[in-house]
Amino acid sequence: MRVALVVQRYGLEVFGGAELHCRWVAEHLAERHQVEVLTTTATDYLSWTNVLPAGASALNGVSVRRFPVARARRVETFDPVANKVCFAAHTDEEEQQWLEEHGPVCPELVDFLRRHHRDYDALVFFSYRYWTTYCGLQVAPERSILVPTAEHDRVLYLRLFRSFFRLPAQIAFNTPEERELIERVTGNEGLRGEVVGTGIDRPTVVPVEEVEARLDLLGDFLVYVGRIEPEKGCAVMIDHFLRWQRETRSKVTLALLGRGTMSFSENAHVRLMGVIPDAEKLAAVGRARALVMPSRHESLSMVVLEAWMMGRPVLVNGDCEVLRGQVLRSGGGLYYRRYEEFAAALDLLLAEPALANRLGGQGHDYFQANYAWERIMEKYDRLLERVAGGSGAS
Amino acid sequence: MDEWTGPDGRVDVAAIMAGIREKIRGRRDMGLYTDEEVEELTSLRLQAFADDAGIDPDLLARLMADNHNWNISTDYRVETHRAGLKGRLVVLLKQLVRPWVRLYTDQPLSRQAQINLYLHYLCHNLVREVVRLQIEQTALRNRLATGGGGDTPPGAGREGSAG
C-alpha cells in the first residue's frame, strides 16, 4: 500500500511527542508498506524557521519530502490572537487568524497533496492543531486518517475544529480518554476510528547497573523525562519534591532528563542531566525507583510507556484524565492531585520496593498487551484497509 | 494476601489511592493541616485585612503576589500625564534632571524599600503564626470535646507544623 504521512516537523533533531510518534509509526509502517513522509523544512515549532533543505531525502529507510514554511511564527502577533481565541469572546475570523499565526503555513505542501493525493492509497495526518493537518486533510478526507494527539486545552474548544473532526475517514486515537475528550468537547459523538496509540522503540539498552557510573547518579533516584518547562508541570513537581525532601530528609535524587527552558536552582537532590542518548535514558528509567510525570495535558505519555517497558512504576499527575486512566487501567503506578498525595504516594513507593516492583510489573504486562509494535501495526493495517478500500466507516 | 492486593491477585491502585486519601482526611480531622493549606488560610486572612484598609485594588493585587513588584524602587519610570509634544518635552526634562535628583533620593529610597520588605515579611509571618495557633487551638478544643488524648502532640506529623 502507498501511504503518505503528513506532519509539521520530522527528523532526528526534532524534539516533540507527536513528531517522534509519527517518526516511529513511519519507520514501522515502512517495513510493510511504501511510505513517504510529507513535512516542512522547520525544526523549531516556536519560529518555524526553515533550516533543513527542501525536497526529497531519506531517513532510517523512510522517504521524506520537505516543503518550506511560508511565514515564520512571531510572538508579537501570535500571542495576542492566541489569548483572544483561548480566553475571550471571539469571531470565526479570529480563529482562522489563529490558525495562520500558529502555522506552520506551508502552501507548497498542500499544493503537492492536491496534485498527488491519488498517488497514495491513504494519507495519515499527525496533530490536529497544525496548519499542515487542518488544510492538508481537507484535500482528500475520504482517504485520510487523523492521529489527533489532542490534549485537554483551550485550543480543542475552538469552533474551527468542531466540523473538522468529522472530516477524516478514520481517527487513530491515543487512548479511550482522548476519544471521549474529543467527542465531548467538539460535540461529535461516535467518531469513526479506534484507539491505537504507539509502540516504543527500544534502542540497545545500556545495562541498568552501568548507568549509575555513566551518569554519576548514585543512590536512589526518581526520574523525569521530557521537556523541562512549567507548562509540563515541572515547576510544581520540583517544588513538591524539594518540599518532600526537606520534610523527610530523604537522600533520594530527582534526575531530570531532557532539555530545560525554565530556570530552577539545581542542587544535590535535583539534578539536570540534559538530553542523553536513548539507550542511556532507558537504562536510567530502568534503574530509577519510579518515573514522575507531572504534566496535566497529555494525549498519550510515551515516557510513561517507556517506564512500563522497563518494568518501573510511575507517579503521574491525577489531574490529567489520560494519565490517571492509563494508571488505573494498567495498575502500573500511582497518581496525585496535590502535595499531600504526592508525598504519600512517594513515601509508599520508596518504603515498599516490593509493591513498587509489582506496580512496575503490571505496567509492563499492560504495555506488552496494548503497545507492542505488532499490536500497533495490526491496528494501523485495519485503519489503512478501511480507508484504502474507500469504505471509511468502521 | 497483603492489604494492596485485590481479589484478582493484582495490586489494586484505586484501593491504594483511596487509602492515601483516607489517611490525609484523618490527619486533617486531627487539625494537622499542611503548610500549603496554612498558606491558603493566611492569604485569605491577609486579603481580609487589606479589604478593610480599602487600598487601590491594583496595588493590593501586587502586594498579594509572590514577587516584590509592589515595593518602591530607585529605578522608577519617568512619565507624564501630558500628551503630545509637550508631554515628550516634559519627559525629556525629567530625564535630564533625574541623575541630580537621584543623588539625594536613592539612599533614603533604598533604605525605605528594605524597611518595607522587612515589615511585609514580619506582618505576613505574624499572620501565618496566628493562623497556625488558631488551628492548634481548634484541634485541642476538638480533642477535649471528644475526650481524646494520646501522646502525640498536635503538629508532630510530617506536615504537622500546622498542628
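Residues are numbered from 1 along each chain as its sequence is written, and chains are lettered from A in the order in which they are written.

**View 1. The helices of chain B.** Chain B has four helices and zero strands, where helices (H or I, at least four residues) and strands (E, at least two) are DSSP runs numbered from the N terminus. The order of its elements from the N terminus is α-α-α-α. Of the 163 residues in chain B, 10% are buried, that is, with 20 or more other C-beta atoms, placed from the backbone, within 10 Å of their own. Two residues are in contact if their C-beta atoms, placed from the backbone, lie within 7 Å. Among contacts in chain B between residues at least 6 apart in sequence, 60% join residues at least 24 apart.

**View 2. Confidence along chain B.** The mean pLDDT, the predictor's confidence in each residue from 0 to 100, is 77 for chain B, and 83% of the residues score at least 70. Helix α3 (residues 57–64) of chain B has the lowest confidence, at a mean of 75, and helix α4 (residues 84–145) of chain B the highest, at 87. Over residues 149–163 of chain B, pLDDT stays under 50. Where pLDDT is low, the predicted coordinates should not be read in detail.

**View 3. The contact between chains A and B.** Chain A gives 16 residues to the contact and chain B gives 14 residues. On the side of chain A that touches chain B, the elements giving two or more residues include α9 (234–248), α12 (321–330) and β14 (333–336) of chain A. The largest share of that side, five residues, comes from α13(A). For the complex, the predictor gives an ipTM of 0.72 and a pTM of 0.68.

**View 4. A six-stranded sheet in chain A.** The open sheet has the order β11-β10-β9-β12-β13-β14 (chain A), with parallel pairing; two strands pair if DSSP finds at least two bridges between them. Its edge strands are β11 (270–274) and β14 of chain A. Five bridges join strand β9 (residues 221–225) of chain A to strand β10 (residues 253–257) of chain A in the parallel sense. A:Val225 has A:Leu257 in β10(A) as its bridge partner. Helix α10 (residues 278–287) of chain A packs on the sheet, touching β9, β10 and β12 (290–293) of chain A.

Notes. Predicted model: local features only at pLDDT ≥ 70, side-chain atom pairs only at ≥ 80, totals over all residues. Buried ≥ 20, exposed ≤ 12 C-beta atoms within 10 Å, placed from the backbone. Axes fitted to C-alpha atoms, helices over the stretch in contact; angles between N-to-C directions.
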